[in-house]
Amino acid sequence: MSNAFLWVINMREKIISNASDLFITYGFKSVTMDDIANKLGISKKTIYQHFANKTKLVEATTLYIFDVISCGINDIRAIQKNPIEELYDIKRFIMLNLKDEKSSSQYQLQKYYPKIAASLKKKQFEVMQDCITDNLKKGVESKLFRAEININFISRIYFNSMISLKDQDLFPLNNFSMNMLMENYLEYHLRGICTSKGLDILTTNINKK
């Protein structure tokens, strides 16, 4: 592989990584190509050599962020903690990587790049459906979750609720931080499905905070 080809690959990855950081911090609409070029110390022309327009760059960055978070979730699942602690670890990992979504980057993505948002939502659903279904099954098997819960129904409600938390019309950022919303929903979700044994572990996790 030639040095020139490696340079092109490395530059593309560098653009995606830095653009992702800016988009998450300030929002997909707010950040301009000039902002990205200035952060990298390169010209806009260099960015356009790799991405025909901002939409293509947004698409690439959303896939990059999705892959990072998906891999992180898989790593957490591989540790094989109890399902309650697992959900809290996943929540903390997501908030760390999305910087609490103070700029509501997801909201801007849905509003200004709806096709990309729809494609991303489909990928997110596939990952979360697998993750939450497995989490619920482990909870039932370990007697932390009630045996009679409808796993297919709850896994879909969980995903849909998490998406709804990012709706600024329902939850304005001035009144609700994303961390607070996710923290409260996670407790709400678990209290609805836990056995008494599971509630003891949930209470311990809440008190740790």
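Begin with the aromatic rings of this predicted model, where the rings of Phe, Tyr and Trp (its six-membered ring) are paired if their centres lie within 6.5 Å, and where the count comes to five aromatic pairs. Helices here are DSSP runs (H or I, at least four residues), as strands are (E, at least two), and they are numbered from the N terminus. Both tyrosine 158 and tyrosine 185 are buried, which in this text means under 20% relative accessible area, with exposed meaning over 50% and partly exposed the range in between (1.4 Å probe, protein chains only).

Next, select phenylalanine 171 and phenylalanine 176, whose ring centres lie 5.5 Å apart with planes at 90°, so the pair is edge-to-face. Phenylalanine 171 is partly exposed, at a relative accessible area of 23%, and phenylalanine 176 is partly exposed as well, at 27%.

Now zoom out to the whole chain, which has ten helices and zero strands, and whose C-alpha trace spans about 60 × 45 × 30 Å along its principal axes. Of its 209 residues, 44% count as buried. Among the contacts (heavy atoms within 4.5 Å) with a separation of 6 or more, 72% are between residues 24 or more positions apart.

From there, select helix α4 (residues 54-78) together with helix α7 (residues 114-141), which pack at an angle of about 5° with their axes 10 Å apart. That angle makes α4 roughly parallel to α7, given that angles under 35 degrees count as roughly parallel, over 145 as roughly antiparallel, 65 to 115 as roughly perpendicular and the rest as oblique; the axes are lines fitted to C-alpha atoms over the stretch in contact, and angles run from 0 to 180 degrees between N-to-C directions. On the α4 side the residues that meet α7 include Val58, Leu63, Phe66 and Ile73, and on the α7 side those that meet α4 include Ile116, Leu120, Val127 and Met128. The residues of this contact divide into nine nonpolar, four polar and five charged, where Ala, Val, Leu, Ile, Met, Phe, Trp, Tyr, Cys and Pro count as nonpolar, Asp, Glu, Lys and Arg as charged, and the others, Gly among them, as polar.

While α4 is displayed, pick asparagine 74, which lies in that helix and is partly exposed, with a relative accessible area of 43%. Asparagine 74 and glutamine 129 are 55 residues apart in sequence, and their C-alpha atoms are 13 Å apart in space.

The cysteines make the next stop, and the structure holds zero disulfides, a disulfide being a pair of cysteine sulfur atoms within 2.5 Å. The sulfur of cysteine 71 is 13 Å from the closest cysteine sulfur, that of cysteine 131, which is too far for a bond; cysteine 71 is partly exposed, at 47% relative accessible area. Cysteine 194 is likewise in no disulfide, the nearest cysteine sulfur, in cysteine 131, being 16 Å away, and cysteine 194 counts as buried at 7% relative accessibility.

Then select isoleucine 151, which is placed in helix α8 and counts as partly exposed at 21% relative accessibility. Neighbours within four places in sequence aside, isoleucine 151 is in contact with Thr133, Leu136 and Lys137.

Finish at serine 105 in helix α6 (residues 105-112), which counts as buried at 4% relative accessibility. Not counting residues up to four places away in sequence, serine 105 touches Phe23, Ile24, Gly27 and Phe28.

Terms used. Residues are numbered from 1 along each chain as its sequence is written. This is a predicted model: local features need pLDDT of at least 70, side-chain atom pairs count only at pLDDT 80 or more; totals for chains, interfaces and linings use all residues. Side-chain values use heavy atoms; hydrogens and water are left out. Rings of Phe, Tyr and Trp (its six-membered ring) pair if their centres lie within 6.5 Å; planes under 30 degrees apart count as stacked, over 60 as edge-to-face and the rest as tilted.
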